[in-house]
Amino acid sequence: MDKKWIAVIAIIVIAIVACGAYFVMSGDDGTVRIGYLPSDHDSAMYIAQAQKDYEAQGLKVEYTEFNNGGDLMTAMASGDIDVGYVGITPVLSSISKGVPVKVLSGAQTEGSALVVASGASINSIKDLKGKTVATPGDASIQYMLLQYELEKNGMKMSDVTVTSMKVSSMCDALKANKIDAAMVYEPYSSIAESQGYGKVLKDSGDILPNHPCCVVAASDDFIKNHPNETKIILDIHEKTTKFINENPSEAAKLLPNSVVPDKNVEAKVLERINFISGLDADYKKSVMDFMNIEVKMGILKAPLTEAQIFANI
């Protein structure tokens, strides 16, 4: 073989090996890493997972569960997670700290509740004074809603003992009277009430009507470098969201037993929750209004712009 062609082939081989080494070293093997919370707020993702919708579109997906949105956003900031089904509060907090992430779509609104132990003498917000209240963490939207409701009633967070707890443990803690109340997302509030050891003192929709809750967020790097995968994820989110809204009973059956132990209770929960997809003008306004409330409360130091919050895709 001509030495010239041998040299050309050698260069090509070296280039191929170098490219392969780059992808191995960078960890970019095409896997989309999705973070989520153990909540039916993430039903669109759970259903896509159950129906293998991502795989059907050629996506290799790795799922990681987090107890709260703060931990999920920390993982996204460090590059360990590409896409997250997560509460709007930790997303806004991350953006305000300079973390390069954007909201791709809404996931649902409302869907949390302040639940008190059925044996506790708590019949109003003011009765929480001196009581122990659990939340998923101080970076969660549930913590923000608790703070908002206390302040609305002339109280402060210091008037209660706030403890951070794994959400699935809150029900056991309520049952054992280790805590007096919990600000918790679904389905755990409905589970506590249906089994008789908890009662809903206030739905989050009564605390802050039509408030945004969970969203689909992604790192700027993922959005920029994986536009096709981003579109596929959003298309699937839209499809599964429509399925939930039109078929709540069937959707409940597809959710994992670890999150939804009672499918009949869950079907009723899914009927109540407003699952959404996309970023229309009304939804963006609700997020901006919510963001301004967090600024007034001191959760955010300064207002954010729409361009900082939402992906332009």
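1. How many cavities of 30 Å³ or more does the structure hold? The structure holds two; on a 1 Å grid over the protein atoms alone, a cavity is a set of points where a 1.4 Å probe fits but cannot get out, and lining residues have an atom within 4 Å of a point. A volume is the space filled by probe spheres set on the points, which are joined across faces, edges and corners.

2. The model is predicted: local features need pLDDT of at least 70 and side-chain atom pairs count only at pLDDT 80 or more, whereas totals for chains, interfaces and linings use all residues. Residues are numbered from 1 along each chain as its sequence is written, and side-chain values use heavy atoms, with hydrogens and water left out.

3. The largest cavity has a volume of about 80 Å³. Its lining comprises 13 residues, and Leu37, Gly87, Ser140, Ile141 and Gln142 lie nearest its centre.

4. The second largest cavity has a volume of about 30 Å³. Among the residues that line this cavity are Pro187, Ile191 and Val259. Helix α13 (residues 263–272) gives the most to this lining, with three residues; helices are DSSP runs (H or I, at least four residues), numbered from the N terminus.

5. Ile88, Thr89 and Leu92 in α5 meet Val287, Phe290, Met291 and Glu294 in α14, where contact means heavy atoms within 4.5 Å. The residues of this contact divide into five nonpolar, one polar and one charged. In this count, Ala, Val, Leu, Ile, Met, Phe, Trp, Tyr, Cys and Pro are nonpolar, Asp, Glu, Lys and Arg are charged, and the others, Gly among them, are polar.

Terms used: Helices (H or I, at least four residues) and strands (E, at least two) are DSSP runs, numbered from the N terminus. On a 1 Å grid over the protein atoms alone, a cavity is a set of points where a 1.4 Å probe fits but cannot get out, and a pocket is an open set with protein on both sides within 12 Å along at least five of seven lines; lining residues have an atom within 4 Å of a point.
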